[in-house]
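Me: I would like to learn how to read charged and nonpolar side chains in a model such as this one. Could we go through the features one at a time, with the general idea before each case?

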Amino acid sequence: MSINKVDAFSVAYPESNDDNHTRYLTFCRIETKDGVTGWGEAIPMSGTGFPEACRATEQIIKGVEDLLLGRDPLDNMEIHNDLQKRMWWYGPEGIASFALSAIDIAIWDLKGKLLSTPIIKLIGGDLNKTFPVIAATHATLDDIKKEASRHGEIVRNGFKGVKVGLSERSGGLGIEVEKDVNFFRYLREECGDDAFLAIDRASRALVWNYTEAEERVKSFEELGIDWIEEPFEPWEVNNFTRLKQRTKTLIAAGEREWNTKAFRYLIDQKYVDVIGYDPAKSGGLTGFLDVIKLVEKEGLLINAHTWSSAINTAVSLAAYGTTKNTLVFELKPEVNPMQHEIVENPLWHKDGYIGIPNGPGLGIDIKENVLEKYKF
């Protein structure tokens, strides 16, 4: 059952959920001498990706194959620790963390397949759990009424709510407080009183000063917001702390943290209610489980950042199955290559809820010919 081959390659694809802008992902493929394959994923730069970051991630994955070849995938925790020790010298953040995450996920997938067991059972979770699904979207239209209506249609099509990401391409949203508040008012009207609604300042190009952020959040509160995500840059601790003290809305953050140590520091600041974790960036499934323990200890919520491929979705669902400290699960609402084309059976909700894949490993079958189609 020893590892015989390690491969890494990247894809570029049009993301229908982001106005068809090109996005980049790096995949890791690990194979045993008997031909059993495990798949992992890295998302250089939080799902947007940069070609050079993908190439560098590929090189790190291939560069540590001496720590992988000949090893037994069932010893995945020992392998993970060995990789951490090696990557400490040129990490542990950044490209090293991307590579570690992809390898970790691939070996967990491989381990489950070799044992003919879903990952969820290997980590002591509940295979029968289901989770309410919200649509993680990006605002793109100039007309805020049409944008709100578009999101309302998503909810009417079965999602339990929406998390709207604001960026420099958001049709002017995220810049003027009054326009943002009006948009949220229209959003609540379109989606209904029971819908989950959240706002994500999803781009560093949008910088909110403290006064603007508080005005937004207090106005959103009157209309029923479930959380505000990343209202400030990670280092603006004083602004986060002040907002926490002066508003009631849940604050979500963590998408740009790299490892368990960083998440522990974030939690210790006492201003975050919802910890966002991306397994394809911050340590794979192994890191996810470590962070869940921290979250449970402090009575916080964990939220998977799954805005990439079906691999990320599958591993996040497995992690969700180990804890009660979740609120919603995010999916991209539009059909897209990395969620729908690359797997035989896309992971999707039924009546607004999603379950955990029950096949061995990640529980998904990757179509390698589709990945070949989008290779760059």
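Reply: Let us begin with contact, which means heavy atoms within 4.5 Å. Please keep in mind throughout that this is a predicted model. Leaving aside neighbours within four places in sequence, K111 is in contact with P73, L74, N76 and L122, and K111 itself lies in helix α3, which spans residues 95–114.

Me: Is K111 buried or exposed, and how far away is the nearest side chain of opposite charge?

Reply: The general idea is that a salt bridge needs a side-chain nitrogen of Lys or Arg within 4 Å of a carboxyl oxygen of Asp or Glu. K111 is buried yet has no salt bridge, since the nearest side chain of opposite charge, D75, is 7.2 Å away.

Me: How many salt bridges does the rule give in this model?

Reply: The count comes to 23 salt bridges. One of them joins the side chains of E233 and R201, with an N to O distance of 2.7 Å. This pair links distant parts of the chain, 32 residues apart, with E233 in the loop between β7 (227–229) and α8 (237–246) and R201 in strand β6 (residues 196–201). Both E233 and R201 are buried.

Me: Which residue forms a salt bridge with K270, and where in the chain do the two partners lie?

Reply: K270 forms a salt bridge with E298, their closest N and O atoms being 3.3 Å apart. Here too the pair links distant parts of the chain, 28 residues apart: K270 is in the loop between α9 (260–268) and β9 (274–277), while E298 is in helix α10 (residues 284–298). As for accessibility, K270 is exposed, because its relative accessible area of 56% is over the 50% cut-off, whereas E298, at 35%, is partly exposed.

Me: Turning to nonpolar side chains, which residues form a nonpolar patch on the surface?

Reply: The general idea is that nonpolar side chains within 5 Å are joined into a patch when their residues have over 30% relative accessible area and no salt bridge. In this model W88, W89 and Y90 form such a patch, with about 450 Å² of accessible area together. W88 is found in the loop between α2 (76–87) and α3, and W88 counts as exposed because its relative accessibility is 53%.

Note on methods
Residues numbered from 1 in each chain as written. Predicted model: local features only at pLDDT ≥ 70, side-chain atom pairs only at ≥ 80, totals over all residues. Heavy atoms only, no water. Helix = DSSP H or I, 4+ residues; strand = E, 2+ residues; numbered from the N terminus. Buried < 20%, exposed > 50% of the residue type's maximum accessible area, 1.4 Å probe, protein only. Lys, Arg positive; Asp, Glu negative; His and termini not counted. Patch = residues over 30% accessible without salt bridge, like charges linked within 9 Å, V, L, I, M, F, W, Y side chains within 5 Å. Areas by Shrake-Rupley, 256 points an atom, 1.4 Å probe, with all protein chains shown as cover.
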